[in-house]
Structures are given as C-alpha cells and as structure tokens.
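These are my notebook entries on a single protein chain.

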Amino acid sequence: LPLDKRSVIESSGINAELQKDGVIESHLKALYDTLLEKNLVRIIEPYSRVQLSHVAETIALPYEVVERKLSQIILDKKFSGILDQRSGVLIVFDASEEDQTYTYALETISHMGKVVDALFKKAQKLS
C-alpha cells in the first residue's frame, strides 16, 4: 500500500499521463522553477555569504543546478548578490533603494519643455 500522496500518484500512472500533455508539462515546469526560486531565496536570505555547496545540500539538488538557478535569479534582479565561482560562495547584498536621479532628471526636462513651449507661445503673441 502506498504511504504518501507522491507514491499514490506514481503508482497510479497519473504522473506519466500528465507529462504527455504539453500544456500541463509547461505549467509544471514553470511551477517547479517558481518554487525552486522561492526556496533558494528563503534559504539564502539570512546570510551575507553562503557556500553554494551548503545551499545545494540543504535543498538536495546538484551543485550545478543551484549555481545556474542562483545566477538566473541574480541576472533577473530578483535577488541582489554576486556568485564568486572561484571560491563557490554567494555574496548577498542588502536590498538597496533604486537611485531616482534619472527619473527626476526626466521629469525636470519634461517640465522645462512645457515652460519653453509656453514662453514660445507668449513670444508669438507679442510679435
């Protein structure tokens, strides 16, 4: 007799049946990626530096899979940090506030454009 839900699904052949359906398979892959990301982030959150081998052991996945997924998470800017591949360490950065200088500069330029347009219209009325 099966002891848990996973063995029930595996013994009944439902798993193989679901993997044949392309739509369900793509959703399962997306769900797996999302859960893996969230679990990795949860594992590394309390650290400022953590060995990738420790993360891989904790989540029971191969080192290469963990390294690849953490690289993707960092590149997608879902987490701030760098991977030191030489020493096999993830260095975690504190979440920093985004610099608003560029946004403020664009707003200022937009407002200046409106001022110039208004002055131009007034100058045309005078001539």
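I took helices (H or I, at least four residues) and strands (E, at least two) as DSSP runs, numbered from the N terminus. Read along the sequence, the pattern is α-α-α-β-α-α-β-β-α, that is, six helices and three strands.

I noted the basis of the entries. The model is predicted, with local features needing pLDDT of at least 70 and side-chain atom pairs counting only at pLDDT 80 or more, while totals for chains, interfaces and linings use all residues. Residues are numbered from 1 along each chain as its sequence is written, and side-chain values use heavy atoms, with hydrogens and water left out.

Entry: the sheet. I counted two strands as paired if DSSP finds at least two bridges between them. Strand 3 (residues 89-92) runs antiparallel to strand 1 (residues 49-51), joined to strand 1 by three bridges, and Gln51 stands opposite Val89. Strand 3 also pairs with strand 2 (residues 81-84) in the antiparallel sense, over four bridges; here Gly81 stands opposite Val92. Four residues lie between the strands in the hairpin of strand 2 and strand 3, where Gly88 takes a positive phi near 70°.

Entry: helix 4 (residues 52-59). I found Leu52, Val55, Ala56 and Ile59 buried. These residues lie on the same side of helix 4 because they cover an arc of only 100° around the axis, taken from the directions from the helix axis to the C-beta atoms. Their cover includes helix 3 (22-44), helix 5 (63-75) and strands 1, 2 and 3. Just after helix 4, Ala60 takes a positive phi of about 60°.

Entry: the core. I defined a nonpolar core as a set of buried Ala, Val, Leu, Ile, Met, Phe, Trp, Tyr and Cys residues joined through side-chain atoms within 4.5 Å. The largest has 18 residues, and those with the most contacts inside it are Leu40, Ile44, Val55, Val66, Leu70 and Leu90. Helix 3, helix 4, helix 5 and strand 3 each supply at least two residues; the largest share, five residues, comes from helix 3.

I then listed contacts (heavy atoms within 4.5 Å) for Leu40. Leaving out residues up to four places away in sequence, Leu40 touches Val55, Ile59, Val66, Lys69, Leu70 and Ile73.

Key. Buried < 20%, exposed > 50% of the residue type's maximum accessible area, 1.4 Å probe, protein only.
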